[in-house]
Amino acid sequence: MRTVSIALGSNQGNREENIQLALASISDAIGQIIACSPFYENEAQGFESSDLFLNGCILVESTLAPQEILRALKVIEKRLGRLTSPLDGYASRPIDLDIILIENQVIRDVDLEIPHPRFRERMFVLKPLCDIQFDAIDPVTFTSIGDLLIQCRDSSKLTLHELNMLR
């Protein structure tokens with residue numbers, strides 16, 4: 001059993017429903033969700049969009065190997081309508097699911113890098129991750145998530161969003 005930190009984001013369609021469906025699918029395909037952060041609204045980063053993102057993080061206990069978790073997340077994204085192209089940069093999407101941490105593991109594969117290579121630069125990941133894993137340690141920098149949040153240079157505005165949980 002391993003604890004996996006997963007970031008969720010949505011800025012297309014019914015964002016709350018997309019998040020709810022992703023949570024249910026993750027629970028079914030990957031493992032038990034043991035913690036869920038508050039969700040935050042923020043503007044898109046890396047591309048222009050008038051649609052605000054809804055972002056949060058969860059902790060999942062899973063027996064799956066990291067590559068299996070990645071494959072399951074990609075299947076969930078596709079099932080919920082995410083379209084990807086190798087030529088596309090960042091774009092609006094109904095759901096975005098990223099593995100941020102898997103305990104103290106460091107993985108550098110062609111299609112999987114753990115910890116997520118840009119999570120330290122993104123307030124929309126660090127804030128919700130900090131809400132549920134303040135004392136967790138980044139196995140690359142040996143810095144706590146709380147300290148990474150303090151050190152983050154991203155000044156994006158996050159607004160707490162009351163996600164209407166359907167459960």
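The model is predicted, so local features are given only where pLDDT is at least 70 and side-chain atom pairs only at pLDDT 80 or more, while totals for chains, interfaces and linings use all residues. Residues are numbered from 1 along each chain as its sequence is written, and side-chain values use heavy atoms, with hydrogens and water left out.

**Confidence**

- The chain has an average pLDDT of 92, and 94% of the residues score at least 70, where pLDDT is the predictor's confidence in each residue, from 0 to 100.
- Confidence is lowest in strand β8 (residues 159-161), with a mean of 95, and highest in strand β7 (residues 113-114), at 98; helices (H or I, at least four residues) and strands (E, at least two) are DSSP runs, numbered from the N terminus.

- Helix α1 covers residues 15-29, and its 15 residues should span 21 Å at 1.5 Å a residue, which agrees with the 21 Å between its end C-alpha atoms; the expected span is 1.5 Å times one less than the number of residues.
- N14 caps the N-terminal end of α1, with a side-chain oxygen 3.3 Å from the backbone nitrogen of E16.
- Among the buried residues of α1 are I19, A22, L23 and I26, where buried means under 20% relative accessible area, exposed over 50% and partly exposed in between (1.4 Å probe, protein chains only).
- Helix α2 (residues 66-79) packs with α1 at an angle of about 145 degrees, and their axes are 10 Å apart; axes are lines fitted to C-alpha atoms, for helices over the stretch in contact, and angles run from 0 to 180 degrees between N-to-C directions.
- Where the two helices meet, A22, S25, I26 and A29 belong to α1, and A72, L73, I76 and R79 belong to α2.

**Helix α3**

- Helix α3 (residues 123-133) is largely enclosed by the rest of the structure, because nine of its eleven residues are buried.
- The buried residues of α3 include F124, L126, P128 and I132, and what covers the buried residues includes β1 (2-10), β4 (53-62) and α4 (145-151).

**Two residues and their contacts**

- E41 lies in strand β3 and counts as buried because its relative accessibility is 19%.
- The side chains of E41 and R15 are joined by a polar contact of 2.6 Å; a polar contact is a pair of N or O atoms within 3.5 Å, and within protein one must be able to donate a hydrogen and the other to accept it, while residues adjacent in sequence count only if both atoms are side-chain atoms.
- Q67 belongs to helix α2 and is partly exposed, with a relative accessible area of 22%.
- Leaving out residues up to four places away in sequence, Q67 touches D109, D111 and L112, where contact means heavy atoms within 4.5 Å, and a polar contact of 3.0 Å joins the side chains of Q67 and D109.

**Backbone details**

- Most residues other than glycine have a negative phi, and most peptide bonds are trans.
- A cis peptide bond, with omega about -5 degrees, joins I114 and P115, and P115 is found in the loop between β7 and α3.
- E103, which is not a glycine, has a positive phi of about 50 degrees and sits in the loop between β5 and β6 (107-108).
- F142 also has a positive phi, near 60 degrees; F142 lies in the loop between α3 and α4 and is exposed, with a relative accessible area of 65%.
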